[in-house]
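Let's take a walk through this one together.

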Amino acid sequence: MSALKILVIPGSLRSGSLNAKLAAVAAHELARSGADVTRISLADFPLPIYDGDLQAKSGVPKHAINLKRMMSAHHGVLIVTPEYNASVPPLVKNTIDWVSRVQDAHENRGQVFRDRVFAIASASGGRLGGTRALSALRLILSACHATVIANQLALSFADEAYDEMDKLKNSADSEALKALVRQLIDVSQRMM
Ligand SMILES: Cc1cc2nc3c(=O)[nH]c(=O)nc-3n(C[C@H](O)[C@H](O)[C@H](O)COP(=O)(O)O)c2cc1C
């Protein structure tokens with residue numbers, strides 16, 4: 001059987017992003033568990049704000065097509081999102097919106113969401129750790145007919161959660177991450 005491939009997508013471009021750090025820790029844990037991991041930055045897939053007129057005129061931008069194809073080349077996807085005003089940031093929503101418009105040959109539009117497993121995580125300096133962003137993201141992905149695993153991780157007080165090596169300090173956080181990774185791998189393997 002070929003190696004299980006997991007794509008990790010941090011939903012923040014900010015230098016020092018708490019979510020990019022969590023994505024890096026998660027990628028490390030996924031690799032330790034045997035997955036073949038690709039961690040990207042959405043800075044490499046810049047997209048205009050979705051506009052139906054733009055799509056009608058110029059089609060779906062190549063970065064959305066490239067990201068969709070990258071997702072297609074993986075069995076599972078982990079999205080690590082910040083929380084902005086109790087929801088997902090525009091970067092995350094806009095990226096999903098564009099990718100959901102991609103239609104490759106012999107596929108339905110948005111097929112990439114139907115055929116693979118998603119896991120979601122968030123990090124925030126607040127007590128809730130981005131829980132509301134996760135609810136919003138779960139709803140968005142469900143609307144795209146994605147399978148989203150039940151386990152999720154909302155890392156609270158994330159500005160104090162990492163040590164000087166950017167590893168998680170608290171064992172409860174590490175255990176929650178491990179449980180997320182285990183379930184993502186299990187469910188992705190079953191859907192391979
Ligand atoms: C526009 C905006 C809205 C925010 N709203 C929330 C919020 O609703 N809940 C929360 O926990 N943090 C909120 N924050 C704080 C972010 O969680 C914090 O800036 C976090 O570090 C952003 O993620 P990053 O470090 O990965 O860039 C908000 C930040 C911004 C810029």
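## From the ligand to the core

Start with the shell around the ligand: its residues split into six nonpolar, eight polar and two charged. In this predicted model, the ligand is surrounded by 16 residues. If you want to find the spot quickly, look for Ser12, Ser17, Asn19, Pro82 and Ser124, which are the closest of them.

The largest nonpolar core counts 58 residues, and Ala26, Leu78 and Leu184 have the most contacts inside it. Helix H1, spanning residues 18-32, supplies eight residues, the largest share of this core.

Leaving aside residues up to four places away in sequence, Leu78 touches Ile6, Val8, Ile9, Ala26, Ala119, Ala121 and Leu184. So what does the chain around all this look like? The protein has seven helices and six strands, and read from the N terminus they run β-α-β-α-α-β-α-α-β-α-β-β-α. The radius of gyration is 16 Å, close to the 16 Å that the globule rule gives for 192 residues, so the protein is as compact as a globular protein of that length.

Of the 192 residues, 42% count as buried. As for how the chain meets itself, take the contacts between residues at least 6 apart in sequence: 76% of these join residues at least 24 apart.

Terms used: Residues are numbered from 1 along each chain as its sequence is written. This is a predicted model: local features need pLDDT of at least 70, side-chain atom pairs count only at pLDDT 80 or more; totals for chains, interfaces and linings use all residues. A residue is near a molecule or strand if its C-beta atom, placed from the backbone, lies within 6 Å of it. Ala, Val, Leu, Ile, Met, Phe, Trp, Tyr, Cys and Pro count as nonpolar, Asp, Glu, Lys and Arg as charged, and the others, Gly among them, as polar. A nonpolar core is a set of buried Ala, Val, Leu, Ile, Met, Phe, Trp, Tyr and Cys residues joined through C-beta atoms within 7 Å. A residue is buried if 20 or more other C-beta atoms lie within 10 Å of its own, exposed if 12 or fewer, and partly exposed in between; C-beta atoms are placed from the backbone. Helices (H or I, at least four residues) and strands (E, at least two) are DSSP runs, numbered from the N terminus. Two residues are in contact if their C-beta atoms, placed from the backbone, lie within 7 Å. The radius of gyration is taken over C-alpha atoms; the globule rule is 2.2 Å times the number of residues to the power 0.38.
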